[in-house]
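Work through the exercises below with the structure open beside you. Try each task before reading its solution.

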Amino acid sequence: MVWLKSYTDIIRAHMDAGGVPALTYAALEARFALERVCYERLRIAHSYISHSDLRTWKPQHVVQTVMEMVDANIASDWTLNIGSEPGDHPPKYIPVGTQKGFDPKYINQLWQAVSSFLHCALPRETKAPIEHYAAEMKLRSKLEEVLRELDRISEGTMIGALVLEKVSFDCVCGQKNSRSTASLKHNDIINCIKEGCKEQFRAEEVADEFFFERRKIPVSCHKCGYQHGLPYREVTEMSKATEGWEFKCRDCGVSNVFMWQLRQFARNDQGMPEPTDQDG
């Protein structure tokens with residue numbers, strides 16, 4: 001992979017320059033490279049996973065989420081071959097490209113190690129000096145370990161998300177969403193892949209077929225009682241500092257406003273919470 005070689009060239013240039021400051025800059029580039037190795041796996045899988053499905057930005061967890069939700073082999077070794085001629089017996093295969101895999105946990109160990117070199121040391125007592133740089137030998141040794149792993153991964157000529165079977169549905173925003181049936185499970189909660197869309201769906205498996213139910217919170221109009229299904233995330237992720245979210249009733253047209261409210265509860269004789277008169 002040409003893009004990965006550009007990182008390793010920069011890392012080696014800083015290491016050849018010598019000196020702890022140059023090695024620290026090499027550690028920064030190494031961190032960027034390790035992050036990109038993982039984030040490239042996410043990028044090619046984004047047709048089958050929403051940014052909102054990610055629990056954290058940390059490289060290891062990003063790759064593990066893609067493995068769980070899209071392709072279990074996204075970080076594995078594999079080679080893509082095509083048949084030379086349909087009528088060949090036995091068939092002859094021509095290699096198209098190879099993906100070099102990696103262990104997300106090992107990548108995380110390397111990432112944590114080089115990241116530790118990018119901070120001042122925390123003093124343990126009043127007279128302790130605040131060290132700006134790590135020890136030179138420790139820096140160089142870890143960078144050489146990172147380079148060995150990056151060089152190995154860069155031998156790959158392609159990366160890909162192998163989704164052999166998929167199921168699709170349209171979001172209310174108009175975006176077509178597709179998911180890997182091999183990774184999809186009953187009651188999975190998934191988010192629309194369109195950037196900025198907060199629609200969320202629950203996967204339901206019936207007789208080996210998947211259906212997608214929009215997650216909604218029922219809110220009734222305060223005037224006519226007409227019930228609206230508001231997007232689950234739009235409501236639950238509403239800022240507690242907001243002045244209120246307003247919508248017009250689809251039936252009578254009156255405005256409805258709702259917002260978070262802090263409430264005080266007291267326990268009754270049965271130990272159950274009951275609201276007091278001091279709502280905030």
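## Exercise 1: An open sheet

Three strands form an open sheet, ordered S5-S6-S7, with antiparallel pairing. The model is a predicted one.

**Task.** Find which strands stand at the edges of this sheet. Then examine the pairing of S5 with S6.

**Solution.** 
- Step 1. Look for strands with a single partner strand: these are S5 (189–191) and S7 (209–214). They stand at the edges, so one side of each lacks a neighbour in the sheet.
- Step 2. Check the turn between neighbouring strands. On average it is 40 degrees, direction ignored.
- Step 3. Take the pair S5 and S6, where S6 covers residues 200–206. Three bridges join them in the antiparallel sense.
- Step 4. Locate Ile190: opposite it, in S6, stands Phe201.

## Exercise 2: H1 against H2

**Task.** Describe how helix H1 (residues 2–17) packs on helix H2 (residues 20–45). Are they roughly parallel or roughly antiparallel?

**Solution.** 
- Step 1. Start with the general rule. Two packed helices are described by the angle between their axes and the distance between the axes.
- Step 2. Apply it. The H1 and H2 axes are 8 Å apart, at an angle of about 165 degrees.
- Step 3. Compare with the cut-off: angles over 145 degrees count as roughly antiparallel. H1 and H2 are therefore roughly antiparallel.
- Step 4. H1 passes H2 in a left-handed crossing.
- Step 5. List the contact. From H1 come Trp3, Leu4, Tyr7, Ile10, Ile11, His14, Met15 and Ala17. Their counterparts in H2 include Ala22, Tyr25, Glu29, Phe32, Ala33 and Arg36.
- Step 6. Sort the contact residues by class: 15 are nonpolar, one is polar and three are charged.

## Exercise 3: H2 against H4, with H3

**Task.** Describe the packing of H2 with helix H4 (residues 104–116). Then ask which helices the buried residues of H3 pack against.

**Solution.** 
- Step 1. Take distance and angle. The axes come within 9 Å and cross at roughly 155 degrees.
- Step 2. H2 and H4 are therefore roughly antiparallel. Their crossing is left-handed.
- Step 3. Pick out the contact. Ala27, Ala30, Arg31, Leu34, Glu35 and Cys38 in H2 meet Ile107, Leu110, Trp111, Val114 and Ser115 in H4.
- Step 4. Classify these residues: eight are nonpolar, one is polar and two are charged.
- Step 5. Move to helix H3 (residues 59–69). Its buried residues are Pro59, Gln60, Val62, Val63, Thr65 and Val66. They pack against H2 and H4.

## Exercise 4: Two hairpins

**Task.** How many bridges join S8 to S9, and how many join S10 to S11? Which residue in each hairpin has a positive phi?

**Solution.** 
- Step 1. S8 (residues 216–220) and S9 (residues 227–231) pair antiparallel over five bridges. Ile217 has Leu230 in S9 as its bridge partner.
- Step 2. Six residues separate S8 from S9 in this hairpin. In the turn, Gly225 has a positive phi of about 85 degrees.
- Step 3. S10 (residues 245–248) and S11 (residues 255–258) run antiparallel, joined by four bridges. Lys248 stands opposite Ser255 in S11.
- Step 4. The hairpin of S10 and S11 has six residues between the strands. Gly253 takes a positive phi near 85 degrees.

Methods:
Residues numbered from 1 in each chain as written. Predicted model: local features only at pLDDT ≥ 70, side-chain atom pairs only at ≥ 80, totals over all residues. Heavy atoms only, no water. Pairing = 2+ DSSP bridges. Axes fitted to C-alpha atoms, helices over the stretch in contact; angles between N-to-C directions. Parallel < 35°, antiparallel > 145°, perpendicular 65-115°, else oblique. Left-handed = near helix turned anticlockwise from the far one by under 90°. Contact = heavy atoms within 4.5 Å. Nonpolar A, V, L, I, M, F, W, Y, C, P; charged D, E, K, R; others polar. Buried < 20%, exposed > 50% of the residue type's maximum accessible area, 1.4 Å probe, protein only.
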